[in-house]
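Q: I have a model open and want to learn how to read it. Where do we start?

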Amino acid sequence: MDNIYNYTLHDLEEYFTNMSIKPYVAKQIYEQLYKSKITNPKDMQYISKKVINDLQKNFTFSTLVLAQKQEDKLVKKYLFSLSDNQTIESVLMYHDYGRSLCISSQVGCNMGCAFCQSGKLKKVRNLAPHEMVEQVLYIEKDIGEKISHVVIMGIGEPFDNYDNVMKFIKIINTPQGINIGSRHITISTCGIVPKIKQFTEENTQINLAISLHASNDKIRNELMPINKVYNLSKLIASIKEYIKATNRRVTFEYIMLKDVNDNSTYAHELARLLKNINCYVNLIPYNQTENNLFFRSENNKIMKFYDILKKEKINVTIRKEFGSKVNAACGQLRANNLQGG
């Protein structure tokens with residue numbers, strides 16, 4: 001049996017059309033699944049017994065099970081257990097502009113970024129679209145409010161699960177469903193250049209964020225193995241192509257690591273790298289884990305780095321910190337759970 005949350009509205013319409021059932025029935029079901037959060041076909045209104053019986057026979061519904069939940073001011077972190085007992089994380093953050101949900105796209109990650117907790121736990125498998133969709137649905141139901149923004153920046157590399165991620169986006173973007181606008185959805189990638197080019201051809205309004213974290217190849221090679229395959233020159237070229245084709249601004253994420261990438265020289269180098277690119281830089285204070293190789297930059301160094309970028313006419317922000325008390329580093333709650341912590 002397939003999970004019903006793997007289906008776009010078009011898929012469901014096609015499914016019922018093949019059964020000689022009018023497409024509007026699919027819309028009725030879709031709205032009850034996503035807007036009313038109904039998970040049992042028997043509870044659906046205006047649906048014939050024949051269709052309800054078919055749904056029960058041929059589809060599974062919710063599969064996520066909450067394993068753990070942690071809360072701090074303006075943040076909630078969820079650890080979910082999947083049908084095969086693997087675990088993933090989602091993080092809800094309350095911003096002044098709305099409720100933003102960071103979701104996982106894989107169980108584990110093969111990118112191996114040195115500073116990242118997720119990268120230490122290798123990829124087990126990709127998430128199916130329904131396993132991403134259900135993260136949104138569960139948390140909307142839990143908080144009794146609508147999620148306004150979705151960021152695919154949790155465990156996993158989204159572009160290493162490209163087709164499933166794009167289908168997930170289509171599902172949550174559907175007006176009859178969760179109805180999250182394209183401009184409120186962000187994909188974050190460490191820089192898989194061929195997939196950036198493929199994403200460019202999609203020509204969507206979805207936001208693109210690049211996990212950059214270094215201003216030169218030497219440091220980026222040490223921090224992010226992907227750079228040995230697609231170096232900064234190739235990455236920046238693909239971003240320029242993306243901006244030219246879509247006229248969309250790109251975000252560059254830059255984690256501030258003490259005595260690694262945070263001095264003034266690197267700030268000037270970063271400004272030169274990004275000169276004349278329609279972008280902004282998001283400086284991220286490092287969220288300390290048990291990884292003793294990396295430490296958070298001092299606040300004065302972060303501010304100096306920020307000031308240099310500003311003077312060099314680079315749009316820059318410092319990410320507001322969330323959840324230092326709730327294992328908020330990506331993959332941290334899952335890692336602690338697997339280790340019995």
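A: Start with a single residue. This is a predicted model. At 6% relative accessibility, Ser215 counts as buried, because the cut-off for buried is under 20%.

Q: Where does Ser215 sit in the chain?

A: Ser215 belongs to the loop between strand E11 (207-211) and helix H7 (217-223).

Q: Which residues is Ser215 in contact with, leaving aside its neighbours within four places in sequence?

A: The partners are Leu232, Tyr254, Tyr266, Glu269, Leu270 and Leu273. Leu274 is 59 residues from Ser215 in sequence, and their C-alpha atoms are 9.3 Å apart in space.

Q: Now the whole chain. How many helices and strands does the protein chain have?

A: The protein chain has 11 helices and 14 strands. Its C-alpha atoms fill a box of roughly 70 × 45 × 35 Å along the principal axes.

Q: What radius of gyration would a compact globule with 341 residues have, and what does the protein chain have?

A: The compact globule would be near 20 Å. The protein chain has 21 Å, which agrees.

Q: What share of the residues counts as buried?

A: Of the 341 residues, 54% count as buried. The chain exposes about 15400 Å², and carbon and sulfur atoms supply 47% of that area.

Q: Among contacts between residues at least 6 apart in sequence, what share joins residues at least 24 apart?

A: That share is 67% in the protein chain.

Q: How do I read a nonpolar core?

A: Begin with the general idea. In soluble globular proteins, nonpolar side chains tend to be buried together. Here the largest nonpolar core has 100 residues. Ile29, Phe115, Phe168, Phe252 and Val281 touch the most other members. Helix H5 (residues 162-173) gives the most to this core, with 7 residues.

Q: Which residues of helix H1 are buried?

A: In helix H1 (residues 9-17) they are Leu9, Leu12, Glu13 and Phe16. They cover an arc of only 100° around the axis, so they lie on the same side of H1. The buried residues of H1 pack against helix H2 (23-34), helix H3 (49-58) and strand E2 (59-60).

Q: How do I read charged pairs?

A: Side chains of opposite charge can pair when their charged atoms come close. The count here comes to 16 salt bridges. One of them joins Glu145 and Arg99, with the closest N and O atoms 3.8 Å apart. Glu145 lies in the loop between helix H4 (129-143) and strand E9 (149-152), and Arg99 in strand E6 (residues 98-103), so the pair ties together parts that are 46 residues apart in sequence.

Q: Is Glu145 buried or partly exposed?

A: Glu145 counts as partly exposed, at 33% relative accessibility. Arg99 counts as partly exposed too, at 24%.

Q: Which residue meets Glu253 in a salt bridge?

A: Arg319 does, at 3.0 Å from N to O. Arg319 lies in the loop between strand E14 (315-318) and helix H11 (332-338), and Glu253 in strand E12 (residues 250-256), so the pair ties together parts that are 66 residues apart in sequence. Glu253 is buried, with a relative accessible area of 5%. Arg319 counts as partly exposed, at 30%.

Q: What about Arg125 and Glu131?

A: Their side chains meet in a salt bridge at 2.8 Å, N to O. Glu131 is buried, at 4% relative accessibility.

Q: Which residues are linked in a network of salt bridges?

A: Lys69, Glu71, Lys76 and Asp142 are linked that way.

Methods. Residues numbered from 1 in each chain as written. Predicted model: local features only at pLDDT ≥ 70, side-chain atom pairs only at ≥ 80, totals over all residues. Heavy atoms only, no water. Core = buried A, V, L, I, M, F, W, Y, C linked by side-chain atoms within 4.5 Å. Buried < 20%, exposed > 50% of the residue type's maximum accessible area, 1.4 Å probe, protein only. Helix = DSSP H or I, 4+ residues; strand = E, 2+ residues; numbered from the N terminus. Salt bridge = Lys/Arg side-chain N within 4 Å of Asp/Glu carboxyl O. Arc of directions from axis to C-beta. Contact = heavy atoms within 4.5 Å. Rg over C-alpha atoms; globule rule 2.2 N^0.38 Å. Areas by Shrake-Rupley, 256 points an atom, 1.4 Å probe, with all protein chains shown as cover.
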